[in-house]
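Open the viewer and follow along with the points below.

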Amino acid sequence: MASKLAFLFYLLFIATILAHKQASSAKVPAPDQQHPQGSLQYGMSEGSLRPQDCGSKCTYRCSKTSFKKPCMFFCQKCCAKCLCVPPGTYGNKQVCPCYNNWKTKRGGPKCP
């Protein structure tokens with residue numbers, strides 16, 4: 001009986017250690033530590049934006065086009081899905097693969 005009890009305590013001990021190890025390896029940094037303020041990658045890498053940041057990023061992205069309304073519509077739609085807007089007012093789509101690879105029914109680029 002004592003050996004069975006010792007074996008159960010041993011299994012419980014091992015299970016506790018494994019659970020603690022798994023929990024400590026799965027820690028996710030706080031949002032402000034993932035993309036610190038002033039980071040060059042903030043908003044320029046896949047999924048790095050917050051939905052409320054899309055408006056300002058798209059306003060800049062569409063600032064030099066003569067088709068502002070459709071540019072803003074599609075940029076905000078793409079940003080909401082991908083949480084990324086490429087840097088600059090044109091090009092640089094390779095920085096945001098989701099933004100770059102989303103196509104229209106005809107196969108053209110969906111995102112400006």
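Buried means under 20% relative accessible area, exposed means over 50%, and partly exposed lies in between, using a 1.4 Å probe and protein chains only. By that scale Cys82 is buried, with a relative accessible area of 4%. This is a predicted model, in which local features need pLDDT of at least 70, side-chain atom pairs count only at pLDDT 80 or more, and totals for chains, interfaces and linings use all residues. Residues are numbered from 1 along each chain as its sequence is written, and side-chain values use heavy atoms, with hydrogens and water left out.

**The disulfides**

- A disulfide is a pair of cysteine sulfur atoms within 2.5 Å, and a search of the whole structure finds six of them.
- If you number the bonded cysteines in sequence order, they pair as 1-7, 2-5, 3-4, 6-12, 8-11 and 9-10.

**Cys54 and Cys79**

- The sulfur atoms of Cys54 and Cys79 are joined at 2.0 Å.
- Cys54 sits in helix H3 (residues 54-61) and Cys79 in helix H4 (residues 68-82), so this pair ties together parts that are 25 residues apart in sequence.
- Helices here are DSSP runs (H or I, at least four residues), numbered from the N terminus.
- The torsion about the S-S bond of Cys54 and Cys79 is about -80 degrees, so the link is left-handed.
- Cys54 is buried at 5% relative accessibility, and Cys79 is buried at 0%.

**Cys62 and Cys71**

- Another disulfide joins Cys62 to Cys71, with 2.0 Å between the sulfur atoms.
- Both Cys62 and Cys71 are buried.

**Cys82 and Cys98**

- In the disulfide of Cys82 and Cys98, the sulfur atoms are 2.1 Å apart.
- This pair links distant parts of the chain, with Cys82 in helix H4 and Cys98 in helix H5 (residues 97-101), 16 residues apart.
- Cys98 is partly exposed, with a relative accessible area of 23%.

- Which residues of H4 are buried? They are Cys71, Cys75, Cys78, Cys79 and Cys82.
- Seen down the axis of H4, these buried residues fall within an arc of 100 degrees (taken from the directions from the helix axis to the C-beta atoms), so they line one face of the helix.
- An α-helix has 3.6 residues a turn, so residues three or four places apart point the same way.
- On the other side of H4, Lys69 and Ala80 are exposed.

Conventions: Helix = DSSP H or I, 4+ residues; strand = E, 2+ residues; numbered from the N terminus.
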